Amino acid sequence: MSILSTNFKKSALFMVVLLFLGSLVIPSVSADQGGKNNKKVGVVNTGRIVENIDEDWTFYKGVQSADENFSATNFNDSSWQQISLPHTWNAEDGIDIGEYYQGDGWYRKELTIPNSYKDKELFLQFEAANKEAEVFVNGKSVHTNIGGYLAFTVDISDHVKYGQKNIVAVRVNNEVKDSAPLSGDFTFFGGIYRSINLIVTDKTHIEVEDDSSRGVYVTIPNNKSIEKKAEVNLTVPVKVSSDDANSKSNSIEVRAEIKSAEGKVRSRTELKIDGKKLKSAEVSGDSAEFTGKMKVNNPHLWNGTKDPYQYTVEVTVTRKGKVIDQVNEKVGFRYFSVDPDKGFILNGASYPLHGVNIHQDRKGYGNAVPDEVRAEDFELIKEIGANTLRVAHYPHSQYVYDKADEMGLVVWAEIPLVNFMTLTEEFSNNAEKQLTEMIKQNYNHPSIVTWGLQNEFGGRGYYTPDNSVSREEQYAAATELIKRLATTAEELDPNRPTTHAIQGNSSRDPQYKDILDRHIAWNENAGIDIASFNTYFGWYYNKAGDLAQYLDTLHEENPNVPLGISEYGGGANPYQHDVIDEDFINKWNTVNEFSSRGPFQPEEYQNYLHESAWSIISERPWLWATHVWNMFDFGVSGKNEASTPGINTKGLVSHDRQTKKDAFYFYKAQWNKEDQFVHITSKRFSEREDSTTPVKVYSNLEEVTLTVNGIDYGKGTVQQPGVFVWDSVELNESGNEVIATAEKEDGTNVTDTVTTWEISE
């Protein structure tokens, strides 16, 4: 199905349109409707029932033997582990130096289906299970999904016993097989790590199985005209029962309303099939596409973090005036463009994008992080002052995109095409499937502005693990896949540009320039609109300051392509420290103990890298977006750097979210002007060799003064905006008190104090 009117074409500046996110309305339901299936039960008061079934599952890690049948109704699972969703079996070994378990994991649940559901249609909607999931109902395999980061829906209407107990069993496997991702610098946590809902609908209902989307697609022209009058196009696929399709009366009607955040109806219309009522329309099969137009005069725009205002689109299906289904979608009106020379433009004004990448895992949870726990991530993102997120390297949960909508964060969403492909048709088909699902499931989020097609794909010139295939053949196959994905993205959503994350420079690789040229050529010959680069100058290669010339050369050689930075930064163990001077910097890539992959990654060197990179970035407003790698440390089983086994240390905040590294405060000083603060860096550098030491403070205030052991060292020298330094501060052997002070706009002072510094013997 083409979910956007072909009247909306992609402009040269890649302007994308507004979209909207939403959720089902779920008030309470009586116990006899839900039984004891759920930890919480919900029902839309319009006929659609949504029951969360996350509680009371049993789990077994391992392969079913030849004489066992884990899906059978009479199988005794009393010895299995009692668990609730979300769940992963890799919460511990997924962040260790050894290999983590990759294989089968089995889940079972008893599900009572009331007799009242007999004339309904029943679906299990999995928000995600990594990476392959086979679903059984009462011993019968009814669906297999391949792809670990998107929702999938299973129709169980014909497989359950009504008024009885049913057994749902799910075999999940997280081994690397013939689907993306094949590899990546992150753990492939296995399990049903997001929620499952039982959805019960009338036989005529807004589609649930349309690639597990919301079933409501809303499109608004992506241009300045919407400031005065927004013309909204709605497309709603509806599954129509044979009785309703053959009815001689116009008993089925589909209507839509747009409501303001305050609940006022701003527009309403009846949706039709090619302009006709159901009775008069031609319906192919059991699905009909209802469409319509709506107008909202002088809409309140969704304007990033300044004003993330949202409306609600309410679509209702009625039979003879009685509501039988309803879906509500949050919406945000906005228009934007991406310009090679001016960067990102939101609602007609320059809106520089600066933010972070995020993975979805956390210490103690793996990737099975409940929404109420993940909420802390967004509090930290808000505190640092980011206005954009790249959600790497796969689609994240609806909760993440919902929060981005609410907070006004501009989002880059991407599929998990990382590093390699295989040359099979199955791989390419599945990659396109994952892209289609990502776009359709997230079509209405105003926060999402671009679809990412690849990350470091063929970054070293090889696109498949099969070395028997020549580089030329590999590149040809990769280009064909990228063309296919870019074409699919434009067909499904011509109002959002596509982008990709290209592996950055390495002066140690003589073939790198050719590889880079081949990848950025995809912006000309494969249909990708925007390009960004994963750059680690001063970490893996070159010097930190070389980033400036690298970016300028890229811009000069590719004047028609909007360019950005998709990753940059470096690792840090916040409990490892050193004084960063020229000697340290020169040793970094030449001495093993100073290697970026070695056991020593001092916090101060991460600070240096970010200070250098940001000073270069901030002088180049043409960069369409820049994203720090990474907001949080994350799990990479088998990695062993900086004395932190199983962890990628490039986060600004620790894996358990308990430690904000110094670099977190550096960016807070750059991006958050509201929460006025001072932060003394190297606080944890408690044992120092020299009594004379430099002191550095991050602050978003104009002046900072320093007092050490009662001695006034005066105002700090401004190294760059937000960074204040004192070169030679005298410390006692112990008992030091270091106080940084700044005056706030209201005349009061804000301070930070360290008392743990001492001179080691």
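**Figure 1. Pro574 lies in the loop that runs between strand β31 (563–567) and helix α10 (582–587).** The model is predicted: local features require pLDDT of at least 70 and side-chain atom pairs pLDDT 80 or more, whereas totals for chains, interfaces and linings use all residues. Residues are numbered from 1 along each chain as its sequence is written, and side-chain values use heavy atoms, with hydrogens and water left out. Helices (H or I, at least four residues) and strands (E, at least two) are DSSP runs numbered from the N terminus. With a relative accessible area of 9%, Pro574 is buried (buried, under 20%; exposed, over 50%; partly exposed, in between; 1.4 Å probe, protein chains only). Between the C-alpha atoms of Pro574 and Asp361, which are 213 residues apart along the chain, the separation is 20 Å.

**Figure 2. Val172 is a buried residue of strand β10 (residues 164–173).** Its relative accessibility is 0%, and Val172 therefore counts as buried. When residues up to four places away in sequence are not counted, Val172 touches Trp89, Gly103, Asp104, Gly105, Tyr107, Ala129, Asn130, Lys131, Glu132, Ala133, Gly191 and Ile192.

**Figure 3. Asp155 belongs to strand β9 (residues 152–155).** The relative accessibility of Asp155 is 25%, so this residue counts as partly exposed. Residues up to four places away in sequence aside, Asp155 touches Leu122, Phe123, Glu209 and Lys239. The C-alpha atoms of Asp155 and Glu121 are separated by 7.7 Å, and the two residues are 34 residues apart along the chain.

**Figure 4. Helix α5 (residues 425–441) packs on helix α6 (residues 471–492).** The angle between the two helices is about 25°, and their axes are 10 Å apart. The pair is therefore roughly parallel (under 35 degrees; over 145 is roughly antiparallel, 65 to 115 roughly perpendicular and the rest oblique). Axes are lines fitted to C-alpha atoms, for helices over the stretch in contact, with angles from 0 to 180 degrees between N-to-C directions. The crossing of α5 past α6 is right-handed, that is, the near helix is turned clockwise from the far one by less than a right angle. On the α5 side, the residues that meet α6 are Glu425, Phe427, Ser428, Asn429, Ala431, Glu432, Leu435, Thr436, Ile439 and Lys440. Helix α6 contributes Leu481, Arg484, Leu485, Thr488, Ala489 and Leu492. Sorted by class, this contact holds eight nonpolar, four polar and four charged residues (nonpolar: Ala, Val, Leu, Ile, Met, Phe, Trp, Tyr, Cys and Pro; charged: Asp, Glu, Lys and Arg; polar: the others, Gly among them).

**Figure 5. Helix α4 (residues 398–407) is largely enclosed by the rest of the structure, because eight of its ten residues are buried.** The buried residues of α4 are Tyr399, Val400, Tyr401, Asp402, Lys403, Ala404, Asp405 and Met407. Gly408 follows the helix and has a positive phi, near 80°.

**Figure 6. Strands β39-β38-β42-β43, in this order, form an open sheet of four strands with antiparallel pairing.** Strands pair if DSSP finds at least two bridges between them. The edge strands, β39 (711–715) and β43 (749–754), each pair on one side only. Neighbouring strands of this sheet are turned by 20° against each other on average, direction ignored. Six bridges hold the antiparallel pairing of β42 (residues 738–743) and β43. In this pairing, Val738 stands opposite Val754, and Ala742 stands opposite Val750. The two strands form a hairpin with five residues between them, and Gly747 in the turn has a positive phi of about 90°. The covered face of β43 carries Val750, Asp752 and Val754, while Asn749, Thr751 and Thr753 lie on the uncovered face. In a regular strand the side chains alternate between the two faces of the sheet.

**Figure 7. A further open sheet of four strands has the order β16-β15-β20-β21, again with antiparallel pairing.** Its edge strands are β16 (265–271) and β21 (322–331), each of which pairs on one side only. From one strand to the next, the twist averages 15°. Strand β15 (residues 252–259) runs antiparallel to β16 and is joined to it by six bridges. Arg255 has Glu270 in β16 as its bridge partner.

Technical notes
Contact = heavy atoms within 4.5 Å.
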